[in-house]
Amino acid sequence: MPAESFPARAFPWLLRQKVTIPDRVAGYLSRPELEKRALPTRRKLSVLRASGGFGKTTLMAECCRRLRRNGVATAWISLDENDEPGVLDVYIAFACAEAGLNLDNVPPVRETRPGLASRIGTVLRGIESLGRPFVIAFDELERVSPASVPLLALLLRRAPSNLHLALAGREIPDGLDVASPLLAGHAEAVDTEDLRFSRAEVARFFGLRLSRRALAREVDRSAGWPVALRIARNGMEHEAHDDGDSAYGFLGNWIESRLFATLGRGERDFVLDISLPDWIDAALLDEVLQRNDSMRRFESMAALTGLLEPLSDGGTRRWRLHPLVREHCAGQRLREDPERFAAIHRRIAAALAKRRETIAAMRHAIEGRDPFLAGRILEQAGGVRLWIRNGVPELQRANRLLTEDVVAESPRLKLLRSMALALAGRGNEAQALYRTCPRSIPSSDGYGDFRYPLEDLTVRLGLALYGVSPVGSNWSETLACDAARLTAAADLNPAKRGGIEYGLCILHFLKGEFDAALDRLTAALESSGTDYIALYGGILHGQIDFVRGRLEDARTHFRRARRVAGKCFLLDPTAMTSCDVVQHEIALECNPASAAADPPGVLSALTGHGVPFSYFATASNVLIGARLRSGRVDKALAVADKLVFRSRSAGSTAFLRLIVALRVSVLVIAGRVTEAERAWRRDALPEAPADCVDLTAQSWREMEAVSEARARLSIARRRWKEGRSLLRRLRSVAAELGIRTVEMRALALFVSLEQQAGHTQASLRHLTEYLRLFAEAPYAWPLVRDRATCANALRMYLDLGADASHRQAACSLLAMCDADSGSAPSLSERELEVLHRLPGRRDKEIAAELGLSTHGVRYHLRSLFAKLGAGDRAEAVRRAWDMGLIPDDS
């Protein structure tokens with residue numbers, strides 16, 4: 001999320017507020033005809049567009065509450081400038097779930113073209129499956145981030161027939177086409193003039209208590225503007241109404257002449273002061289204004305009744321001034337007394353910093369014209385240790401609030417920015433900035449500040465974790481020694497010790513030292529136990545169980561990690577997709593046919609920002625493997641090319657070595673062996689078998705990818721002796737480390753090598769060993785990936801009288817090889833025409849285009865479902881796309 005927003009983990013009340021339909025305002029005036037027009041279920045799209053204060057939100061909320069009372073599932077999202085696409089799609093899914101949409105059993109949707117949000121696709125499929133009306137209402141449309149407009153446009157274009165959208169805002173953002181549905185009669189528009197109160201409505205709004213002259217005066221002064229009428233009525237009800245004749249044309253004039261007319265100078269200053277915090281509570285106000293009666297004083301001002309809006313926090317009572325009033329008051333405070341404006345913002349910053357609300361405190365420091373105070377607040381909050389404590393999004397938000405001057409003055413903040421650059425996938429810049437950081441900071445006692453080496457170590461661990469520094473380099477070896485020495489310090493507090501232990505856990509994991517990794521993870525959880533470590537430590541523990549062949553234990557750890565992600569890191573896309581990626585890897589390895597769709601958002605995460613090395617390795621395997629599984633070698637190569645370009649431009653050395661090796665394997669599978677050899681030499685990958693499996697210079701993931709690619713090159717060039725030597729070493733190392741997935745990959749390649757070399761007995765011997773391991777860990781993908789040769793070996797094995805204990809496993813694997821042959825069914829010309837129109841069209845539309853009846857279209861659909869083995873339209877499209885029957889630009 002952008003820097004200006006609050007993390008949902010720290011402010012769950014904020015997320016709840018964004019997806020909660022506002023309560024009915026006091027004194028609401030029912031307008032039946034207008035409510036009927038604005039009711040979202042009357043049209044596919046309802047648009048409420050008007051200036052501020054005309055009651056758009058009030059009307060749309062009234063309609064949504066009515067729909068809910070009538071049993072219509074209705075989701076609400078309040079938009080703001082911080083809702084980037086990776087956050088807004090989470091809000092939409094969360095709001096729909098709050099409205100009763102169950103997404104647990106909805107299969108994810110493949111990103112079939114750039115810009116298609118898989119999470120939104122899943123939501124749309126879930127809504128379509130309901131079979132009854134579903135409403136999504138978006139409020140404050142004018143505040144939406146430009147980057148998120150395509151996401152809303154996607155909802156408009158792809159909405160199923162039972163989805164109704166309602167939009168309320170001051171402006172319609174560029175790129176959101178509401179004109180087309182309006183012209184087609186599929187939308188209802190309510191504008192400023194519709195929302196303006198008529199004379200009769202003004203009279204009813206004041207309870208029919210106004211004289212004819214008083215009514216004429218209010219109609220004239222307010223021009224039917226609901227917010228002005230509300231303020232005027234508040235004044236009358238509390239006997240503070242000013243009957244003067246001064247005209248007003250702007251909200252500021254109205255507030256000054258009517259709202260503040262009954263306030264003394266001190267009261268007015270008080271209101272201007274309390275407009276500066278984003279939200280207020282009694283303790284915060286008292287501390288900032290140096291009083292002990294702030295809330296009582298505010299609540300005693302009868303003229304302000306109804307303008308202090310409650311915020312739900314599940315604990316502390318919090319409020320905020322009505323946004324329009326707050327905007328005017330904050331502007332007035334700045335214009336009238338700039339020094340006081342800045343001083344109060346600095347006091348707010350100090351008060352929030354004590355509450356560990358770091359980002360909000362930094363923002364107020366900047367408003368107070370003191371960016372160096374923002375830097376000090378961040379340092380006091382732990383600097384780069386924010387990453388371990390609160391996760392990547394909060395660290396990135398903090399970094400974006402730092403100016404270059406502030407960073408240049410603080411070595412600790414240079415470290416934080418280095419880490420932020422690495423997290424953003426800008427490894428070259430991260431390493432260059434890190435080299436400018438001094439290695440020690442002197443202090444008055446002569447010993448130096450102990451926090452600095454700790455932060456230095458945290459950044460170095462981060463650079464290794466995010467692939468900036470290759471595992472096995474002198475730099476990373478020194479890092480491991482320094483980290484181990486620091487954790488032995490007696491005066492290191494538990495939270496800091498936990499962070500360093502977790503870093504060491506990751507280093508051991510990357511080297512394949514799994515027992516040591518688990519020991520460090522246990523120490524980290526015992527020392528610190530932050531949500532961040534619980535999440536990623538759980539994923540890491542599950543990955544260790546997975547590669548060791550302990551499937552059920554792995555699934556248990558992944559499920560726990562996902563619960564932590566959903567509870568504490570809902571707005572962190574990497575956290576959520578990390579859980580999806582590891583579970584997709586299990587699906588691919590155990591049942592390749594079940595891993596057809598990409599995990600939502602993974603490719604964009606790999607190419608859009610920084611990710612940890614383990615995530616990168618797992619996700620790359622999943623994305624490339626899923627395409628190879630369906631026979632789309634060209635698509636697998638396209639993904640590899642994207643990742644090579646990204647890794648090379650970002651300076652991610654470890655990422656580049658791994659993805660180049662994966663790309664070489666794909667090139668060999670595609671038959672482009674000469675090109676694969678050129679790629680191998682260009683990136684100086686090792687030639688000798690011993691170097692390919694050497695774990696002193698690479699991670700076990702790199703060893704796996706490099707060794708497989710080299711073995712495939714050897715097999716393709718019929719260098720059998722070289723291939724056998726390499727695979728023998730790979731299997732030996734994998735068996736010694738207990739990496740069952742790699743051991744089985746080596747055996748599958750051995751089967752393929754000996755089969756192609758014409759050594760049938762050797763091939764069957766390796767196959768028998770593979771089947772023995774398969775009985776303990778049902779990883780089919782290593783064998784299925786080379787189905788062209790391995791299927792023949794399986795048939796020979798069965799024909800020669802297979803060992804009874806392995807016969808069933810051999811039959812299952814052979815069935816998977818045959819099912820994954822990638823051959824497409826034969827379709828008639830008419831079936832192809834219907835199939836190509838399935839994405840984005842209904843039966844009636846297809847029938848009209850092809851000159852068929854809807855019954856004719858459905859006849860062809862039944863035939864298509866049978867031939868493709870699909871249960872519904874979405875699955876048919878997905879399977880056809882996998883088989884290359886639907887063009888990419890469809």
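Modeller: Let us begin with a term: a crossing is left-handed if the near helix is turned anticlockwise from the far one by less than a right angle, and right-handed if clockwise. The crossing of H35 and H36 is left-handed. Helices (H or I, at least four residues) and strands (E, at least two) are DSSP runs, numbered from the N terminus.

Biologist: Before we continue, what kind of model is this?

Modeller: This is a predicted model, in which local features need pLDDT of at least 70 and side-chain atom pairs count only at pLDDT 80 or more, while totals for chains, interfaces and linings use all residues. Residues are numbered from 1 along each chain as its sequence is written, and side-chain values use heavy atoms, with hydrogens and water left out.

Biologist: At what angle do H35 and H36 pack?

Modeller: H35 (residues 653-669) and H36 (residues 673-682) pack at about 165 degrees, and their axes are 8 Å apart. Axes are lines fitted to C-alpha atoms, for helices over the stretch in contact, and angles run from 0 to 180 degrees between N-to-C directions. H35 and H36 are therefore roughly antiparallel to each other; angles under 35 degrees count as roughly parallel, over 145 as roughly antiparallel, 65 to 115 as roughly perpendicular and the rest as oblique.

Biologist: Which residues make the contact?

Modeller: H35 contributes Val660, Arg663, Val664, Leu667 and Val668, and H36 contributes Val673, Glu675, Ala676, Ala679, Trp680 and Arg682. Contact means heavy atoms within 4.5 Å. These residues of H35 and H36 divide into 8 nonpolar, no polar and 3 charged. Here Ala, Val, Leu, Ile, Met, Phe, Trp, Tyr, Cys and Pro count as nonpolar, Asp, Glu, Lys and Arg as charged, and the others, Gly among them, as polar.

Biologist: Now the charged pairs. How many salt bridges are there?

Modeller: The count comes to 69 salt bridges, each being a side-chain nitrogen of Lys or Arg within 4 Å of a carboxyl oxygen of Asp or Glu. One of them joins Arg268 to Glu336, with the closest N and O atoms 2.6 Å apart. Arg268 lies in helix H13 (residues 265-274) and Glu336 in helix H16 (residues 323-336), so this pair ties together parts that are 68 residues apart in sequence.

Biologist: Is Arg268 buried or exposed?

Modeller: Arg268 is buried, at a relative accessible area of 10%, whereas Glu336 is partly exposed at 34%. Buried means under 20% relative accessible area, exposed over 50%, and partly exposed in between (1.4 Å probe, protein chains only).

Biologist: Which residues are linked with those two in a network of salt bridges?

Modeller: The network links Arg265, Arg268, Asp269, Asp273, Arg333, Glu336 and Arg340.

Biologist: And Glu501, what does that residue pair with?

Modeller: Glu501 forms a salt bridge with Arg520, the closest N and O atoms being 2.9 Å apart. Glu501 lies in helix H27 (residues 494-510) and Arg520 in helix H28 (residues 514-527), so the bridge connects parts 19 residues apart in sequence. Glu501 is buried, with a relative accessible area of 8%, while Arg520 is partly exposed at 22%.

Biologist: A change of topic: where does His345 lie?

Modeller: His345 lies in helix H17 and is buried, with a relative accessible area of 3%. Leaving aside neighbours within four places in sequence, His345 is in contact with Leu276, His364, Ala365, Glu367 and Gly368.
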